[in-house]
Amino acid sequence: MSSLMAVASASLIIPATLFAALSKSFKSDPETTKNHILFISRGTAIILLVLYLMYLYFQLKSHSDLFEDSGSAENQEEVTEEEHLLNPFAAGVALVVVTILVAICAEYLVGSIEGIVEKTGMSKTFIGLVLIPIVGNAAEHVTAVLVAYKNKMDLAIGVAIGSSLQIALFVTPFLVILGWIMGENMTLHFQIFETVAFFISGLVVTLLIQDGKSNYLEGGLCLGMYIILAIAFYVYPDDVAQ
């Protein structure tokens with residue numbers, strides 16, 4: 001997972017650095033520069049989707065044994081097969097219903113951002129990158145804490161990092177390709193500060209989990225890095241691109 005996070009971070013840095021390198025030509029010929037950024041974004045999106053499919057095949061099929069929690073012999077004896085509460089059909093129906101409800105709630109949530117910005121003075125960037133993810137991923141946060149408390153650190157790390165990998169390797173490039181199909185020019189070009197913040201957070205996580213061990217100090221380091229980024233985005237203006 002750490003290597004995938006590093007690749008995802010690097011893939012978002014390249015469009016931003018390319019735009020910075022072409023900043024002079026952007027002033028004289030902005031359309032050509034935009035086409036270059038659009039071209040590299042679409043190419044990068046295709047590659048990221050291929051890598052994500054390779055990762056799924058690697059995890060679920062060819063090397064699934066590497067992702068199984070072997071545990072100790074005593075724990076293996078205590079493991080019993082849990083009874084399924086829902087059959088596949090009922091689970092599928094529940095998933096569809098919940099997805100529709102979440103989509104409706106998300107629509108109201110997005111529509112209320114303008115009012116929150118006017119009343120509180122917080123930027124849209126801070127709300128979108130800090131507040132909404134905390135609320136939207138509350139279930140994942142609770143799950144990660146519970147499984148970590150049960151000393152299932154592989155599962156806890158998988159829950160914590162898995163959603164980030166899905167966003168970076170699947171959702172973001174998929175939206176670029178979807179925009180391409182719909183005739184909307186969507187790119188992977190983010191502002192330098194946003195790109196660097198994402199890369200630094202990915203780098204910190206990669207360095208902390210690559211040894212396969214965890215302790216309260218590493219957890220404190222992750223929380224400290226998150227709080228620093230949250231403070232930075234709190235003062236980060238929405239009109240910086242202008």
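Analyst: Start with the contacts of the whole chain. Counting contacts between residues at least 6 apart in sequence, 68% join residues at least 24 apart. The model is predicted. Its protein chain holds 11 helices and zero strands. Read from the N terminus, the order of elements is α-α-α-α-α-α-α-α-α-α-α. Of the 242 residues in the chain, 21% are buried.

Now the close look: helix α3 against helix α9. Helix α3 covers residues 30-62, and helix α9 covers residues 153-182. Two packed helices are described by the angle between their axes and the distance between the axes. Here the axes come within 8 Å and cross at roughly 135°. An angle over 145° would count as roughly antiparallel, and 65 to 115 as roughly perpendicular. The α3 and α9 pair is therefore oblique. The crossing of α3 past α9 is left-handed.

Which residues meet? On the α3 side they are Ser41, Arg42, Ala45, Ile46, Leu48, Leu49, Tyr52 and Tyr55. On the α9 side they are Leu165, Gln166, Ala168, Leu169, Phe170, Pro173, Phe174, Val176, Ile177 and Trp180. Sorted by class, this contact has 15 nonpolar, two polar and one charged residues.

Take one residue from that list. Serine 41 sits in helix α3. Its relative accessible area is 0%. Buried means under 20%, so serine 41 is buried. A polar atom of the serine 41 side chain lies 2.7 Å from the backbone oxygen of isoleucine 37. Leaving out residues up to four places away in sequence, serine 41 touches Pro15, Val176, Thr187, Leu188 and His189. One of these, Val176, belongs to the α9 side of the contact.

Next, follow α9 itself. Glycine 162 is placed in this helix. Glycine 162 is buried too, with a relative accessible area of 15%.

Most residues other than glycine have a negative phi. Asparagine 151 is exposed, with a relative accessible area of 63%.

For contrast, look at a second pair. Helix α10, residues 192-209, packs with helix α11, residues 216-234, at an angle of about 175°. Their axes are 10 Å apart. This angle makes α10 roughly antiparallel to α11. From α10 come Phe193, Glu194, Ala197, Ile200, Ser201, Val204 and Leu208. From α11 come Glu218, Leu221, Cys222, Met225, Leu229, Ala232 and Phe233. By class, the contact of α10 with α11 has 11 nonpolar, one polar and two charged residues.

Serine 123 lies in the loop between α6, residues 113-120, and α7, residues 124-136. Setting aside neighbours within four places in sequence, serine 123 is in contact with Phe233, Tyr234, Tyr236 and Asp238. Its side chain reaches the backbone oxygen of tyrosine 236 at 3.5 Å. Serine 123 is buried, with a relative accessible area of 8%.

Terms used. Residues numbered from 1 in each chain as written. Predicted model: local features only at pLDDT ≥ 70, side-chain atom pairs only at ≥ 80, totals over all residues. Heavy atoms only, no water. Axes fitted to C-alpha atoms, helices over the stretch in contact; angles between N-to-C directions. Helix = DSSP H or I, 4+ residues; strand = E, 2+ residues; numbered from the N terminus. Parallel < 35°, antiparallel > 145°, perpendicular 65-115°, else oblique. Left-handed = near helix turned anticlockwise from the far one by under 90°. Contact = heavy atoms within 4.5 Å. Nonpolar A, V, L, I, M, F, W, Y, C, P; charged D, E, K, R; others polar. Buried < 20%, exposed > 50% of the residue type's maximum accessible area, 1.4 Å probe, protein only. Polar contact = N/O pair within 3.5 Å; in protein donor to acceptor, adjacent residues only side chain to side chain.
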